[in-house]
Amino acid sequence: MAERSTAAVDVAAGSDEESLTAKADQATADGAAQSRETTASEGDIQPDDDDSAETTKPQAKQAQTAKPESSKAQATPPEKPQSTPPELHSGHKLARRYRLEECVTRLDGFSSWRAVDEKLRRAVGVHLLPADHPRARAVLSAARSSALLGDPRFVQVLDAVEENELVYVVHEWLPDAVELTALLAAGPLEAHDAYQLVSQVSQAMTAAHREGLAHLRLTPSAVLRSSSGQYRIRGLAVNAALRGISSDTPQRTDTESIGALLYASLTQRWPYEEDAYGLSGLPKDVGLIAPDQVRAGVHRGLSELAMRALVNDGATASRQDQPCTTPEELAKAVSEMPRIRPPEPSFTAPPEYQRTTYQQGTYGRPTAAAPGPQPMPAAPPAPLQSRTGKALKWAVSALLIAALGLGSWQLADALMEREQPTDPGTSQPGEGEGAKPVAGKPIKISDAYEFTPSGSGIKEQDVPQAVDGDPGTAWITPQYKGFANFGNLPNRKQGSGIIVDLGSVQDVAGFQIDMYRAGHKAEVLAAPEDASHPTSRDEFSKELSKLGDAGAQLKKTLDQAVRTRYLLVRITSLPTDGSAELFRGGISEIKVLGTAREE
């Protein structure tokens, strides 16, 4: 399933009133002999799944066959929330700034929303719970601690507020990132991608634990891959606090979670008997087996690394290497491995070389034996030498000269008529009602903003560069991989683009749009006269140009002037960017032309 939002929250399997930060103080020295601590069920629920069935009972236990009785998961019993989630709705505003758009999770006394920060015009995620909720204090503390970390490898907490009997946490929303859950639904990762995953996630969690922060809910839905290929982690400390999850060995818990992510990335199987996150579990009664025994072609070094991280669950390493019990030990083990390079790109063989006619000559080649005598070609017929023939030649020449003269005279006459000025006192045909407009001077653009049908922008801060009068600056999209329609992302089904505001209703006779490069599929639309700050595609009902391929410039003079204030330049497909698998586009300059009559 494609990434829906960075606000999508995993299903709570257990809860505890104890503060996460109080437990984090015990994470400084995890002993290798201590048992693995499981803090919540491993079944994640995406916004499209049935949350109601999962909110009333914990998910199935993990890997009971692979671990001894003394090291089983110690999930705290689910507590009954003492308060109900706030009754909010789409359109409600928090702090006169954050407008709630869509509820993506509602369970266990809290809810999570996709929202819009109207001040900065960007999408954000919001967690909401009543101020008297038993875990409200822990959530605020965890959110503020996570915000202080400031590590770009984590989805950042932007605000944590208690206001009007509500506690809400605002965090980044990454519309162009994809959950690891969705990536694994398509198949196991390549060795290079799995190597990057375990390397980046273990290094990020090492930095977090140095600051006393644990995740405790490091599941496939908590790991995102951005369009640039970087992995980012969401819900640091906050997801566990929302569910009351704690652990006596937080470093060991997070390390084993990273091992489970690596195992799933290599095999497309969950390393326990129970199915979870859309992945099938291991066969029952066989225990935890190495990834290279589950699927052929798995990288041997990564397979052994996954087993070293999962050794806390009762497994044994495939070699004599020590198990990894902290993210720092795991990151060190990754750095000691030989670097795994990305696969070489496959190139299509060029067509067989074809010789030209000139190259098929005998130049530079050994000459063949001299052929025998060749027959002489027939002599051409004798020219017309009689008196009749001479007269015929003179007649044809005279006709050709006359035709050339007549053509020259007609051409000169046409040019003179075109250059002759029109008499101002004479009424010209078509000058009255219904005359075709002539594009005049550009209309001043009052404002411009990004077309964001899903509530999330791409490069909103660069929009002014498309209307600043300088073709050297541009609004440019990120680079997308695999699909020209903005990476085939669900929130980009309607594409993207720029909406221009002319300040008031104007008579628009044409437009001239310089694209970032040739190869876009785009259209230009206009809103009705009475429109007020339109944002959706349906609000632009007037089609000024049909959706189709655009060259380096999209230019048109309209047959009839259109009265409007808002125009939309919508892009649905991007040109390639240096490779057949990479795509990027944008708009360099937008000019809207007013009407002017010929004089």
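Is E529 buried, exposed or partly exposed? E529 is partly exposed, its relative accessible area being 42%. This assignment, like the others below, comes from a predicted model.

## Model confidence

Averaged over the chain, pLDDT is 78, and 72% of the residues reach 70 or more. Residues 1-82 have pLDDT below 50, yet this stretch has 216 contacts in the model beyond near neighbours in sequence. Residues 421-434 also stay under 50 in pLDDT. For residues 421-434 the model has 3 contacts beyond four places in sequence.

## E529 and R563

E529 pairs with R563 through a salt bridge between their side chains, with an N to O distance of 3.5 Å.

## Other salt bridges

In total the structure holds 24 salt bridges. One of them joins the side chains of D108 and R135, at 2.6 Å from N to O. This pair links distant parts of the chain, 27 residues apart. D108 is in the loop between β2 (98-107) and β3 (110-117), while R135 is in the loop between β4 (122-130) and α2 (136-149). Both D108 and R135 are buried.

A salt bridge also forms between R300 and D292, whose closest N and O atoms are 3.6 Å apart. Why does R300 count as exposed? The relative accessibility of R300 is 53%, and the cut-off for exposed is over 50%. D292 has 28% relative accessibility and therefore counts as partly exposed.

## Helix α6

Helix α6 covers residues 250-267, 18 residues in total. From its first C-alpha to its last, α6 reaches 26 Å, which is close to the 26 Å expected at 1.5 Å a residue.

How many of the 18 residues of α6 are buried? The count is 18 of 18, and α6 is described as mostly covered. After α6 comes Q268, which has a positive phi near 60 degrees.

Technical notes. Residues numbered from 1 in each chain as written. Predicted model: local features only at pLDDT ≥ 70, side-chain atom pairs only at ≥ 80, totals over all residues. Heavy atoms only, no water. Salt bridge = Lys/Arg side-chain N within 4 Å of Asp/Glu carboxyl O. Helix = DSSP H or I, 4+ residues; strand = E, 2+ residues; numbered from the N terminus. Buried < 20%, exposed > 50% of the residue type's maximum accessible area, 1.4 Å probe, protein only. Expected span 1.5 Å × (residues − 1). pLDDT = per-residue confidence, 0-100. Contact = heavy atoms within 4.5 Å.
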